[in-house]
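This report looks at charged side-chain pairs. The sequence and structure come next.

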Amino acid sequence: NTPADNPVTDWGATLGRVLFYDTRLSGNPSISCSSCHNQAAGFSDTKQFSQGFKGGASGRHSMSLINARYYVNGPFFWDETAGTLSGQVLKAVQDSVEMGMQLDSLVSRLKSTEFYPILFKKAFGNEEINADKIAKALAQFVRSIVSYRSKFDEGLQLTNNRLADFPNY
């Protein structure tokens, strides 16, 4: 699900990672994307319903982001309301319970931060900060979260190796 106009690059994924862990993306700035997609919990949440920026419970459990780059079914979110990964990240940022941030306010906030113009230039070739580039950078970071040699990966490899012994299976 990597669109031609947003391939994963080192600088794009780096910018996305900085944004992912930055509390400036929430309205009061108290939480980041990583608050509900916790790396130690497989980029998911240990709570049944994730906690939003004002302490309220969201209407859903945060899905794991691992291997999202291989998700080919189309829409994102449990209810499939986001058509693309870039659209998904902006919905969470703008949601009144989850992060509660208006995109114009977010762009202003990032523009006034010393290091973001530099990171946007490295990732996209110029210092312009806008909602589209924020979404693209976050999507690049999420696509870079890929499992490697997890127990699941090892089990899948073992299964594939065994099935190779049965070509007519």
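Is Asp132 buried, partly exposed or exposed? Asp132 is partly exposed, at a relative accessible area of 44%. Buried means under 20% relative accessible area, exposed over 50%, and partly exposed in between (1.4 Å probe, protein chains only).

The model is predicted: local features need pLDDT of at least 70, side-chain atom pairs count only at pLDDT 80 or more, and totals for chains, interfaces and linings use all residues. Residues are numbered from 1 along each chain as its sequence is written, and side-chain values use heavy atoms, with hydrogens and water left out.

Side chains of opposite charge can pair when their charged atoms come close. A salt bridge here is a side-chain nitrogen of Lys or Arg within 4 Å of a carboxyl oxygen of Asp or Glu. The structure holds 4 of them. The table lists some.

| Pair | Closest N to O |
|---|---|
| Lys136 and Asp5 | 3.4 Å |
| Glu128 and Lys133 | 3.8 Å |

Take Lys136 with Asp5, a salt bridge at 3.4 Å. Lys136 lies in helix 6 (residues 131-144) and Asp5 in the segment before helix 1 (10-20), so the pair ties together parts 131 residues apart in sequence. Helices are DSSP runs (H or I, at least four residues), numbered from the N terminus. Lys136 is buried at 16%. Asp5 is exposed at 52%.

Shared partners join Asp5, Asp132 and Lys136 into one salt-bridge network.

Glu128 pairs with Lys133. Glu128 is partly exposed at 45%, whereas Lys133 is buried at 9%.

Notes:
Helix = DSSP H or I, 4+ residues; strand = E, 2+ residues; numbered from the N terminus.
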